[in-house]
Amino acid sequence: NAGVMQNPRHLVRRRGQEARLRCSPMKGHSHVYWYRQLPEEGLKFMVYLQKENIIDESGMPKERFSAEFPKEGPSILRIQQVVRGDSAAYFCASSPKAGLSGNTIYFGEGSWLTVV
Amino acid sequence: AQSVAQPEDQVNVAEGNPLTVKCTYSVSGNPYLFWYVQYPNRGLQFLLKYITGDNLVKGSYGFEAEFNKSQTSFHLKKPSALVSDSALYFCALLNSGYSTLTFGKGTMLLVSP
């Protein structure tokens, strides 16, 4: 199965710790997206990356959150000094290209972060 | 700004009956619309999309969706519901940059035996 791979699936952190969420896109996909699903809410876009570039981070909180997609290895979503309000499901998605033609965005299984 | 609305938090239907999950959208240009399904504690699975062409789009697991430009709607349908269809369904709109999605809040579909 060459789907979008996320790990860890579940992560528990104490307030003030750091959380790192990893995402490997589908084979052949060079565009990665992170979305957050808060309880009782839909998915909200956070950030869109290509290899070594952040294309759109308009949905990222201004503080404590960062994302990268290095030349080698998975994309990382990093949350520093976590607070209880960061508890959510974080979904990574990937697509083969930007643009409309034939573009479908595929999602991973998600990483559930719980801050205690 | 574009938006997606799913007016029903929950839809209940008996197995074997037809189902409809509603979605309306607002966008200044052409709409590019998607439906995804999410099972408990799982990721989103792509069901179908409308880019252009026929207003009736067929997708996975027997689902289809009807695009209606005049009503700005993209309702998800299935002729005969299964208990296994019970899940959370999201309608989404591709943004003007053609890369990111704006999601509705989701509709929980419950199919009773």
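This is a predicted model: local features need pLDDT of at least 70, side-chain atom pairs count only at pLDDT 80 or more; totals for chains, interfaces and linings use all residues.
A residue counts as buried when its relative accessible area is under 20%, as exposed when that area is over 50%, and as partly exposed in between. By this rule B:Arg42, with a relative accessible area of 39%, is partly exposed.

B:Arg42 forms a salt bridge with A:Glu109, in which the closest N and O atoms are 2.4 Å apart. A:Glu109 lies in the loop between β10 (106-107) and β11 (111-115) of chain A, while B:Arg42 lies in the loop between β5 and β6 of chain B, so the pair joins two chains. A:Glu109 is itself partly exposed, because its relative accessibility is 25%. Across the interface of chain B and chain A the rule finds one salt bridge, and the count of residue pairs in polar contact between these chains is seven.

The size of an interface is often given as the accessible area lost when the parts come together. Here chain B and chain A bury about 1,800 Å² between them, with 59% of it on carbon and sulfur atoms, and the contact draws 21 residues from chain B and 21 residues from chain A. On the side of chain B that touches chain A, β5, β6, β10 and β11 (101-103) each supply at least two residues; by class, this side has 12 nonpolar, six polar and three charged residues.

A:Gln37 is buried, because its relative accessible area is 12%, and its side chain is joined to that of B:Gln38 by a polar contact of 3.1 Å. Apart from residues up to four places away in sequence, A:Gln37 touches residues of both chains, among them A:Leu43, A:Phe91, B:Gln38, B:Leu88 and B:Phe90.

Leaving aside its neighbours within four places in sequence, B:Leu47 is in contact with B:Trp35, B:Leu76 and B:Tyr89, among others.

B:Glu64, in strand β8 of chain B, counts as buried because its relative accessibility is 18%, and its side chain makes a polar contact of 2.9 Å with the side chain of B:Lys58. The side chains of B:Glu66 and B:Lys77 meet in a salt bridge of 3.0 Å, N to O; B:Glu66 lies in strand β8 and B:Lys77 in strand β9 of chain B, so the pair ties together parts that are 11 residues apart in sequence. B:Glu66 is partly exposed at 36% relative accessibility, as is B:Lys77 at 28%.

In another salt bridge, B:Asp85 pairs with B:Lys78, the closest N and O atoms being 2.8 Å apart; B:Asp85 is buried at 4% relative accessibility, and B:Lys78 is buried with a relative accessible area of 8%. In chain A, salt bridges that share partners join A:Glu18, A:Arg20 and A:Arg78 into one network. Over all chains, a search of the whole structure finds seven salt bridges.

Key. Residues are numbered from 1 along each chain as its sequence is written. Chains are lettered from A and ligands numbered from 1 in the order in which they are written. Side-chain values use heavy atoms; hydrogens and water are left out. Contact means heavy atoms within 4.5 Å. Buried means under 20% relative accessible area, exposed over 50%, partly exposed in between (1.4 Å probe, protein chains only). A polar contact is a pair of N or O atoms within 3.5 Å; within protein, one must be able to donate a hydrogen and the other to accept it, and residues adjacent in sequence count only if both atoms are side-chain atoms. Buried area is the accessible area (1.4 Å probe) that two parts lose on being put together, summed over both. A salt bridge is a side-chain nitrogen of Lys or Arg within 4 Å of a carboxyl oxygen of Asp or Glu. Helices (H or I, at least four residues) and strands (E, at least two) are DSSP runs, numbered from the N terminus. Ala, Val, Leu, Ile, Met, Phe, Trp, Tyr, Cys and Pro count as nonpolar, Asp, Glu, Lys and Arg as charged, and the others, Gly among them, as polar.
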